Amino acid sequence: MLSASTRRSRAPERLVLSSPDVPSPSLVTPSGEHAASDSHQHDARSFRSLAALSLGALGIVYGDIGTSPLYALRESLAHVGPSEAHVLGVVSLVIWALVLTVVVKYLTFILRADHNGEGGVLALLTLARRKGRSVSARHGVLLWLGLAGAALLLADGMITPAISVLSAVEGLELATPGVTPFVLPISIVILIGLFSVQKRGTGRIGALFGPAVFLWFFSIAAVAVPWIFREPRILHAFDPRHGMHLLFESSHGFTVLGSVVLCVTGGEALYADLGHFGVRPIRLAWYAVVFPSLLLSYLGQGAYVLMHQSATLGNIFFELVPPSLLLPMVAIATLAAAVAAQALISGVYSLTQQAVQLGYLPRMTIIHTSGDMEGRIYVPQVNALLMVSCIGLVIGFRSSSALGAAYGIAVTGTMVVTSVLFFAAMRRQWGNVWTGLLVSMFLFIDVGFLAANVAKIGNGGWFPLLMGGFFVAIATSWHAGAEAVRRHHIALNVPLTDFLATLAQEGIARVKGTSVFLARDDKGAPPTLVHYVRHSHALHERVILLTMKTVRVPRVSDTERTTVEDLGDGFVRVEAKYGFMESPTVGRVLETCAQMGLPVVPSEATVFVGHSSVIVQPTGKAKMALWRKRLFAFMNRNARPAALYYGLSPDQVIEIGVRLDI
C-alpha cells in the first residue's frame, strides 16, 4: 500500500548491459586515434542531425513565405506602375521588410522567447501571463490579445491554402491559352484532395516536404538569376533610400506598403514551429537557402519589369520562366503551394489542441497520426471547417489578387499581437527600457503594415476580422461557461471526512474492484461519487479520485506528471498534470499508478464520468449575456464526450448526469 505521504511517479529504470571500459582493439592505435575517431563520428552525427532538421524546417516552416514570390511583387507594383523609380522602390521595400521583420524581429529576438522550448501565440501568451505583475495584466488585456492573435492565425490558416494553391494554378493561364475558366475548378479539386488526405497524417508524406520546397527555392532562384544579369540596375534596390523615397514622397507609398507585407507572410511560422525543430535548424535553413532564394526571386522579377516597362504587367513570376519550362514550373509551384498549405493546416491543428487544453474550446476529436513523433495530430472538425472555408474563399474571391487584401489583415494583426506579448513576456528579464525600445521598433513596422491594410477591409479584409471575432466569441463564451460549471461542481463537493462518516453510518456495501471518479477539483468528494452512492447504496472497495489538470506549460515531464495520495479507507487521490500541447489519457495515468504500487488493473477499472446538462435561464447564476449562455449550451451539447476525450473504452465508463441552470 502507499504511504499517506505524496509519492511522485518515476520513469521506469532500464538495465543497460555494457562491457567494461576497455577500448575495442580494432579502434585503438598507438597514436591514440580512438578518441579522435569517436569525436569525428559524433561531429558527423551532429551535422547529419542538424542537416536533417534544417531540411525538415525548410519544408514545414518556410513553405508559406516561400510561395510569396508568386504574388507579392505583382500586387505591390499594381498600385504604382512599372517605372524605374517605382520598381526600385518596391523591391527595396520588399528586401528591407524581409530583413527587419524576419531576420531582426523573428530570427534574432522573438525566437529567444520560448516557453520550455515551445513557440506560438498561445505559448507566448502563457509566458507573458506568468511574467505579469498584476492580476488585471495577466487575465485582462493580455488574454484578449492572445485570443485575438490565435483568432487571426486561424483565419491565416483558412486563407493560406486558398491563395497559395490559386496563385500556383493561375500559372496555367500563361502555359495553356484558354485554360482560364478551369483555374477555379482545378484549384478546388486540389484543395479537396489536400484536405482529404489529412486523416492519413503527414508522417508518410512529410519526408517529401523538405526536398520539395528545396526544389522550389532552387527553381525560383534559377529562373531569376539570368534576368538580374540582363538588368543589373535592379541591384540598386539594396539601397533603402529608394524604398523610403517611394514610401514617404509618393502618393501611393502607403498603399504599396499594404501589399509589400505579403512578402513576409509565413514569418510567424518561424516562432510557431520552434518546438518542432529548434532555433539552429530554423536559422540555418533561412540563411543557407530561403533568404538568398527569395532575394534572387524578387530581384529577378524587378529586373524583368525594368526591361518591359512599356508592357502591361501580368503574372510577373511566371513570365520569368522560359516557355519550355513553364508547365514544369507550374507543377513545382503547385507542389510548393500544397506544402505551404499543409504547414498552416498542421499549425491550426496544434492551435486547436492548445486552445482545448487551456479551456478556450470545447473537447474535440484529436487523433494522433504518429506513434513516434509528438505533435502530429488530425482534428476532423477543424479539417472540415478549413476545407469548406478554403473552397468558399476560392469561389468568392476568384483570384489570388483579390485574396491578397484578406491575407494582409490576418498577417499584420498577428505580427502586432506577437510584438506586444513579447514585451510583456521579456520586460522583466531584459528590463523595461531596452525591451520597450526594441518592441517600439517592431511596432513601428508592424503598425505601419497594419494601418496600410486597414483600407482593404472593404475589399476582403473583413474576412479575417469576421473569423477572428467569431473565434474570440466562441473562446470567451466557452471559457466563461466552463468556469461557471466548474464552480457549480465545486459547490456540490462534499468534505471527504463527512462523506466517509456517512459511508460508515449508513453501512454502504463495499464490493470487489476499483472505481475511478473523474473530479474537477482536488478537494472533497465529487458530485458523481455522492450521487452514485446515494442511488446504488454500494461502492467498490478501492476508489480513485482522479483530477486531470492542464498546466500552463507545453509539456510535463513523466517524473512530475502523477501525484498519488492515500486517503485511507480504500480511497486514493490521484492528480495527473498535462501540458497544453499534450493529450490527457486516463489509461496511461492508471498504468503509472500501477507501476507506483497501486493495486489497480487499468482495463478492469470502472470509470465514472459526470455529464452536465446545461439549461439556459435568463436569470441564471452565471454572469454571462444570454447569447453567450445559448452559445455555450450549444457547444456543450456537441462537445466530444469526456470518456472518448480521455481515451476511455465505452464498456468501462458510466456517465452520471447533473442538471445545471446557467
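Buried denotes under 20% relative accessible area, exposed over 50%, and partly exposed the range in between (1.4 Å probe, protein chains only); the arc is that of the directions from the helix axis to the C-beta atoms. Helices (H or I, at least four residues) and strands (E, at least two) are DSSP runs, numbered from the N terminus.

Residues are numbered from 1 along each chain as its sequence is written. Because the model is predicted, local features need pLDDT of at least 70 and side-chain atom pairs count only at pLDDT 80 or more, while totals for chains, interfaces and linings use all residues; side-chain values use heavy atoms, with hydrogens and water left out.

Helix H8 (residues 183–196) has 14 residues, which at 1.5 Å a residue should span 20 Å; the end C-alpha atoms are 20 Å apart, in agreement. The expected span is 1.5 Å times one less than the number of residues. The buried residues of H8 are Val183, Leu184, Ser187, Ile188, Leu191, Leu194 and Phe195. These cover an arc of only 125 degrees around the axis, which puts them on the same side of H8.

Ala425, in helix H18 (residues 400–430), is buried, with a relative accessible area of 1%. Ala425 and Arg129 are 296 residues apart in sequence, and their C-alpha atoms are 7.5 Å apart in space. Arg363 is placed in the loop between H16 and strand E2 (367–368) and, at 27% relative accessibility, counts as partly exposed. A distance of 9.0 Å separates the C-alpha atoms of Arg363 and Asn638, which are 275 residues apart along the chain.

Positive phi values occur at two non-glycine positions, His537 and Asp569. His537, in the loop between H22 and E5, has a phi of about 55 degrees. Asp569, in the loop between strand E6 (562–568) and strand E7 (571–578), has a phi of about 60 degrees and is partly exposed, with a relative accessible area of 48%.

The largest pocket has a volume of about 1400 Å³. Of its 45 lining residues, Ala482, Arg486, Arg520, Met548 and Tyr646 are the closest to its centre. Elements that give two or more residues to the lining include helix H16 (326–357), helix H20 (462–492) and strand E5 (538–550). H20 supplies the largest share, 7 residues. By class, the lining has 23 nonpolar, 12 polar and 10 charged residues; Ala, Val, Leu, Ile, Met, Phe, Trp, Tyr, Cys and Pro count as nonpolar, Asp, Glu, Lys and Arg as charged, and the others, Gly among them, as polar. On a 1 Å grid over the protein atoms alone, a pocket is an open set of points where a 1.4 Å probe fits, with protein on both sides within 12 Å along at least five of seven lines, and lining residues have an atom within 4 Å of a point. Grid points are joined across faces, edges and corners, and the volume is the space filled by probe spheres set on the points.
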